[in-house]
Amino acid sequence: MMRRWTVAVTLAAAAAACAPRDTASRAPIEQGRLYTRWLYGSQFDKLWDRFSPEMRQTFGSVSELASFAGHAVSRLGREHGVVDERVERASPFQVYSRTASFDHARHPMLLEWSLGPDGQVTGLVLRPAPDSGR
């Protein structure tokens with residue numbers, strides 16, 4: 001009987017993990033990681049769907065976002081690993097920050113996603129990390 005219960009719990013947990021989740025219900029660190037995967041994977045339509053009206057106005061269109069972000073990501077190359085990853089509150093926003101090294105960057109880069117209370121992207125920054133010139 002115990003074995004059957006363990007299998008049932010494991011299957012239920014696996015099903016819950018595979019169930020689609022609304023991005024607004026995710027923790028900010030999960031949202032930041034998801035948006036980063038989309039950025040690195042050139043899934044600009046998905047990012048565009050999560051952009052606030054102000055972010056859409058900034059980029060103009062999903063094709064302009066793809067052109068700008070795609071160029072930046074391809075120039076950096078592949079990420080080598082996270083140096084630092086955190087979420088800070090800047091009320092009413094959450095800011096997911098990720099500092100990492102890349103194939104074609106001499107210094108670690110800082111990627112920041114500003115997230116609204118509903119999970120919308122309200123800001124995006126990609127620049128050399130502070131103190132990376134040491």
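Me: Is phenylalanine 59 buried or exposed?
Reply: In this predicted model, the relative accessibility of phenylalanine 59 is 13%. Buried means under 20% relative accessible area, so phenylalanine 59 at 13% counts as buried.

Me: How are the rings of phenylalanine 51 and phenylalanine 59 arranged, stacked, tilted or edge-to-face?
Reply: Phenylalanine 51 is itself buried, at 1% relative accessibility. Its ring centre and that of phenylalanine 59 are 5.8 Å apart, and the planes stand at 40°. Planes under 30 degrees apart would count as stacked and over 60 as edge-to-face, so this pair is tilted.

Me: Which residues do ring pairs link into a cluster?
Reply: A search of the whole structure finds six aromatic pairs. One of them joins tryptophan 48 and phenylalanine 51, whose ring centres are 6.0 Å apart with the planes at 40°, so that pair is tilted. Tryptophan 48 is buried as well, with a relative accessible area of 15%. The cluster linked by ring pairs consists of Trp48, Phe51, Phe59 and Phe68.

Me: Turning to the strands, which residue in S2 is the bridge partner of glutamate 85?
Reply: Strand S1 covers residues 79-90 and strand S2 covers residues 93-102, and the two run antiparallel, joined by 10 bridges. They form a hairpin, with two residues between them. Within this pairing, the S2 bridge partner of glutamate 85 is arginine 98.

Notes
Residues are numbered from 1 along each chain as its sequence is written. This is a predicted model: local features need pLDDT of at least 70, side-chain atom pairs count only at pLDDT 80 or more; totals for chains, interfaces and linings use all residues. Side-chain values use heavy atoms; hydrogens and water are left out. Two strands pair if DSSP finds at least two bridges between them. Helices (H or I, at least four residues) and strands (E, at least two) are DSSP runs, numbered from the N terminus. Rings of Phe, Tyr and Trp (its six-membered ring) pair if their centres lie within 6.5 Å; planes under 30 degrees apart count as stacked, over 60 as edge-to-face and the rest as tilted. Buried means under 20% relative accessible area, exposed over 50%, partly exposed in between (1.4 Å probe, protein chains only).
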